[in-house]
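Have your viewer ready and follow along, one selection at a time. We will begin at the ligand and then step away from it.

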Amino acid sequence: MYIEKINGPEDVKKLTVDEMTVMAGEMRESLLKRASIHGGHFGPNFGMVEATIALHYVFESPKDKIVYDVSHQTYPHKMLTGRKDAYLYEEHYDDVSGYSNPNESVHDHFTVGHTSTSVSLACGLAKARDLKGEEGNVIAVIGDGSLSGGEALEGLDYAVELDGNLIIIVNDNDMSIAENHGGLYGNLKLLRETNGQAECNLFKAMGLDYIYVDHGNAVGDLIEAFQSVKDSRKPVVVHINTLKGKGYAPAEQNKEVWHYNGP
Ligand SMILES: Cc1ncc(C[n+]2csc(CCOP(=O)(O)OP(=O)(O)O)c2C)c(N)n1
């Protein structure tokens with residue numbers, strides 16, 4: 001298995017797109033087995049496998065900082081950043097927490113669990129980087145459900161004036177824990193339906209650059225998109241269309257029930 005040989009992002013970078021796609025399947029098998037025995041967040045992680053692989057292929061974590069919203073979708077990130085044993089081997093299942101945790105790894109930057117935090121936290125990291133004259137990408141990963149939280153909207157508002165690198169990955173699976181409600185979601189739907197081309201674009205209206213990835217579970221497409229924004233000198237939104245629970249039919253079909261599961 002490819003995943004057995006991954007001890008950090010440097011090993012992900014050695015793989016071809018085809019090999020990474022095979023590895024995505026291996027990762028889902030491990031996640032399924034672990035969820036069955038141990039429980040945990042399900043749909044959020046199954047949907048983010050390819051995007052996480054592509055992030056670690058393109059960016060240079062931990063110099064480039066990836067900040068996850070809620071961080072309930074960080075299982076694939078942990079698998080690729082030196083913690084694969086906690087997902088592959090039952091005796092190690094309890095070696096990791098269910099959220100990002102700086103005590104576990106230099107690739108984790110915050111202990112969180114609340115929604116709507118990642119854009120604001122990333123703004124802080126980006127501002128600090130610029131004040132200190134340092135380099136590196138700062139990447140916020142946020143789900144569509146979390147995007148309507150007040151702190152996320154405040155973060156977007158602030159991001160526009162950052163005048164430096166900030167990459168906001170909007171992981172749009174058209175679901176919160178349950179279905180979404182509110183005025184934001186009409187525009188996300190319109191953007192999905194127009195392949196990101198609609199003139200009415202809330203991100204662009206705020207002054208942010210914007211690209212859309214329709215196949216948000218295709219490693220190659222994601223790599224191409226992330227490469228195109230890497231080292232961007234201004235804030236940019238990468239809107240990726242993903243499938244919550246991808247790869248496990250019951251979770252794809254009943255997304256709310258499969259958001260989180262006991263053993
Ligand atoms: C402040 C706060 N409110 C509510 C929650 C409960 N909660 C956990 S994840 C989530 C939203 C999940 O939707 P999304 O951000 O789209 O991520 P997905 O799970 O769909 O990938 C919510 C509301 C929380 N963690 N924090």
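Select Asn173 and the ligand: a polar side-chain atom of Asn173 lies 3.0 Å from an oxygen atom of the ligand, a polar contact in the sense of a pair of N or O atoms within 3.5 Å. This is a predicted model, in which local features need pLDDT of at least 70, side-chain atom pairs count only at pLDDT 80 or more, and totals for chains, interfaces and linings use all residues. Residues are numbered from 1 along each chain as its sequence is written, and side-chain values use heavy atoms, with hydrogens and water left out.

Next, pick Lys244, which places a polar side-chain atom 2.9 Å from a ligand oxygen.

For a last stop, go to Asp172 in strand S4 (residues 166-172); strands are DSSP runs of E with at least two residues. Is Asp172 buried or exposed? Asp172 counts as buried because its relative accessibility is 0%, and buried means under 20% relative accessible area (1.4 Å probe, protein chains only). Finally, draw a C-alpha to C-alpha line from Asp172 to Lys84: they are 88 residues apart in sequence and 26 Å apart in space.

How values were computed. A polar contact is a pair of N or O atoms within 3.5 Å; within protein, one must be able to donate a hydrogen and the other to accept it, and residues adjacent in sequence count only if both atoms are side-chain atoms. Helices (H or I, at least four residues) and strands (E, at least two) are DSSP runs, numbered from the N terminus. Buried means under 20% relative accessible area, exposed over 50%, partly exposed in between (1.4 Å probe, protein chains only).
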